Amino acid sequence: MEFRLTLFERFFEGKEFVWRPGLDRIKGAVELSGRKEYPSIIVGGTNGKGSTSHLIVEALVRNGLKVGLFSSPHLLRFNERIKINLKEVSDEELNGVFLEIKPVVERFQLTYFESSLLLALKIFEKKRVDAAVFEVGLGGRLDATNVLKHQVAVLTNVSLDHTNYLGSTVREISEEKSEIFRGAEFGVVGTDNRDVLEVVRRKFKGELYIYGRDFWADEVSVNLDGTSFFYMGTLPVKTSLIGEFQSINASVAIRTSQIFVEKFFNRHFLIPKEFRVKLPGRFEVLNFNPPVVFDVAHNEGALSKLVKNLIELKIFGDVYYSGLRDKEQEKNLSIIGDYLRVSKGELHLLEIENERGMAIDELVRIAEGKGLRPRIVKGKIRIKEIKKPSVITGSFYLGGLIERG
């Protein structure tokens, strides 16, 4: 499927795609043209940010609010990053608003991510949203989304990822990610990891809700139609998202939305019994017979959950894999190798044509070092040509290499 580039994308086409630390640029830009007058939620963590953010928005919309969502990265088109009530903003709206903020982008020399946040803020202002949810891009302390004041902060979990930027241990990474609680009145945490909680409790003095203590999911059931569970042991809830961990994400979304609606809108909160939102690349079933799954898992924690999901659903087959240079491919391919020894499947490697993509020769070297015999795939992954159960994983960038028809 081909999409036209928006003016935003054309502006950044050919420019270096880098993360530049520091909040002064985006702080100045926001003060000039992107302030917000509505309450908001910030969602950080290593894995599950996108799913949890979308689930929160669905719950808020079901409770009568008009909600903006800013998330990243996108799989197929830039419009996925900015939504109103879970509907992507149109090219025309993106182009018109970008022309308005372009002088500010140039004046402050904003990065791609900073500019996309400013674009979202201006769109939310024009759409007169009641509230907004902002997904953290990288870390928390120096992430552009953290320049805003948020009323509720959510930390899904913390595991090893972006270690070259955030730290080499869970505790060090928690120090960075827990900065999203700065200025928030309420906090929600989706993990009972002791190191994570010690850091959060030290930094956050507001009202804190912890998964497993203050709210939880019981009797979780997973199949290719979605995930069912009992919220706090009593209320049956179903989500279209697939995986035991999605019961945690949905529980976090319920508790977060309840706090938000009751505390900032003074309304009685209605818990959705069914979440219908679906996300591309989050255990997305591209074919049922044979089952072909696309999942953007790209770090040790996410891949471990993916493999657990595949085994529990009895999906034993091949893996199509690629990854980025800044990820820990040794650990990632170890997990893939463990799965393939169980599934008796083959490893197919691809090269992502992006400056961040790891060279295919390097991926092959690492895979062979794990005792694997990879095959190299050139060009697109054609779903209709896959004849065995398979999973496509390793990076968001693989979305552009999948031929779905």
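Visitor: In which helix is the place of Val342?
Guide: This is a predicted model, where local features need pLDDT of at least 70, side-chain atom pairs count only at pLDDT 80 or more, and totals for chains, interfaces and linings use all residues. Residues are numbered from 1 along each chain as its sequence is written, and side-chain values use heavy atoms, without hydrogens and water. Helices (DSSP H or I, at least four residues) and strands (E, at least two) are numbered from the N terminus. Val342 falls within residues 329-343, which is helix α11.

Visitor: What is the relative accessible area of Val342?
Guide: Buried means under 20%, exposed over 50%, and partly exposed in between, with a 1.4 Å probe and protein chains only. Val342 is partly exposed, because its relative accessible area is 46%.

Visitor: At what angle does α11 run to β15?
Guide: α11 lies across β15 (318-321), β16 (347-349) and β19. Axes are lines fitted to C-alpha atoms, for helices over the stretch in contact (heavy atoms within 4.5 Å). Angles run from 0 to 180 degrees between N-to-C directions. For α11 and β15 the value is about 160 degrees.

Visitor: Which strands stand at the edges of the six-stranded open sheet?
Guide: The order is β13-β14-β19-β15-β16-β17, with mixed pairing. Each edge strand has a single partner, so one side of it is left without a neighbour in the sheet. These edge strands are β13 (284-288) and β17 (375-376).

Visitor: Which residue in β19 stands opposite Phe294?
Guide: Strands pair if DSSP finds at least two bridges between them. Opposite Phe294 stands Ile392.

Visitor: In the open sheet of four strands, which residue of β12 is the bridge partner of Thr239?
Guide: This sheet has the order β9-β10-β11-β12, with mixed pairing. β11 (residues 235-239) runs parallel to β12, joined by two bridges. The partner of Thr239 is Phe275.

Visitor: Which helix packs on that sheet?
Guide: The helix touches β9, β10 (226-231), β11 and β12. Its direction makes about 50 degrees with that of β10. It spans residues 244-264 and is α9.

Visitor: Are the residues of β7 buried or exposed?
Guide: Phe186 and Val188 point one way from β7 (residues 186-189), Gly187 and Val189 the other way.

Visitor: Which residue in β8 is the bridge partner of Gly187?
Guide: β7 pairs in the parallel sense with β6 (residues 152-155) over four bridges, and there Leu155 partners Val189. β7 also pairs in the parallel sense with β8 (residues 207-210), over four bridges. In β8, the partner of Gly187 is Leu208.
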